[in-house]
Amino acid sequence: MHSVLQIADAFIRLGIENNKPLTHLQVQKLCFLAQGYSLAISGEPIFRQEIKAWPYGPVIPYLYTRLKRFGGEPIRDKEALPTFPLKEENQSYTTSLIDVIYSGYGDCSGGELSNLTHLPDTPWDIVWNREKFSTIPTSLIKSYYKNELKDLIDVE
């Protein structure tokens, strides 16, 4: 398992390398998606920090405090976050998952990603309507994204 800073750093670097720098909002939502799909695929979280239900969707407060200085502006600095190497044993899986999430969602605006998390019966929606600003349980995220994967597989 990694720090969310490692995951966010990977997304920020992909955005810069593809000439599509990401905003703080986009990075938050991409990290949330990576967490959801990691839980669905491997049963394990990709990062250890908690996720809260905030007004614009799921937010990782630990990441928020480190990226809030960028406001709504694209993050163009590859050194925006202190980087730590990914753990060797998980690096291939983590890198592959980040690449897949970026390929599928990297072109979405922060608003579009936020809207995805606000759909009825999403983990954010359930927690937000129960107790605003509280932690979104990992079990709820895992269950939701397992169903998302099942729906994708059933369609094909």
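Q: What makes up this protein, in terms of helices and strands?
A: The model, which is predicted, has seven helices and two strands. Starting at the N terminus, the order of the elements is α-α-β-β-α-α-α-α-α.

Q: How much of the protein counts as buried?
A: That would be 46% of the 156 residues. Buried here stands for under 20% relative accessible area.

Q: What share of the contacts joins residues at least 24 apart in sequence?
A: Take the contacts between residues at least 6 apart in sequence: 74% of them join residues at least 24 apart.

Q: Why is Thr23 called buried?
A: Thr23 has a relative accessible area of 16%, and the cut-off for buried is under 20%. The value falls under the cut-off, so Thr23 counts as buried. You'll find Thr23 in the loop between α1 and α2. Leaving aside neighbours within four places in sequence, Thr23 is in contact with Gly72, Glu73, Pro74 and Ile75.

Q: What makes Ala80 buried or exposed?
A: Ala80 has a relative accessible area of 5%, and buried means under 20%, so Ala80 is buried. Ala80 sits in the loop between α3 and α4. Its contacts, once neighbours within four places in sequence are set aside, are Ile12, Arg69, Phe70 and Ile75. As for Ile12, its C-alpha atom is 8.2 Å from that of Ala80, although the two residues are 68 apart along the chain.

Q: Why does Lys150 count as partly exposed?
A: Lys150 has 49% relative accessibility. Buried needs under 20% and exposed needs over 50%, so at 49% Lys150 lands in between and counts as partly exposed. Lys150 belongs to helix α7. Its C-alpha atom is separated by 9.5 Å from that of Ala40, a residue 110 places away along the chain.

Q: Which residues touch the most other members of the largest nonpolar core?
A: That core has 43 residues, and Phe11, Val27, Cys31 and Leu63 are the ones touching the most other members. Two or more core residues come from each of α1 (4–17), α2 (24–42), α3 (61–67), α4 (88–105), α6 (123–130) and α7 (138–155). The element that gives the most is α2, with nine residues.

Q: What does Val27 touch?
A: Not counting residues up to four places away in sequence, Val27 touches Ala8, Ile12, Leu22, Leu63, Leu67 and Ile75.

Q: How do α1 and α2 pack?
A: Their axes are 10 Å apart, at an angle of about 115°, and α1 passes α2 in a right-handed crossing. On the α1 side, Val4, Ile7, Ala8, Phe11 and Ile12 take part, meeting Val27, Leu30, Cys31 and Ala34 in α2.

Q: How do you know which class of residue makes the contact of α1 with α2?
A: Go by the class counts: nine nonpolar, no polar and no charged residues.

Definitions and conventions: Residues numbered from 1 in each chain as written. Predicted model: local features only at pLDDT ≥ 70, side-chain atom pairs only at ≥ 80, totals over all residues. Heavy atoms only, no water. Core = buried A, V, L, I, M, F, W, Y, C linked by side-chain atoms within 4.5 Å. Buried < 20%, exposed > 50% of the residue type's maximum accessible area, 1.4 Å probe, protein only. Helix = DSSP H or I, 4+ residues; strand = E, 2+ residues; numbered from the N terminus. Contact = heavy atoms within 4.5 Å. Axes fitted to C-alpha atoms, helices over the stretch in contact; angles between N-to-C directions. Left-handed = near helix turned anticlockwise from the far one by under 90°. Nonpolar A, V, L, I, M, F, W, Y, C, P; charged D, E, K, R; others polar.
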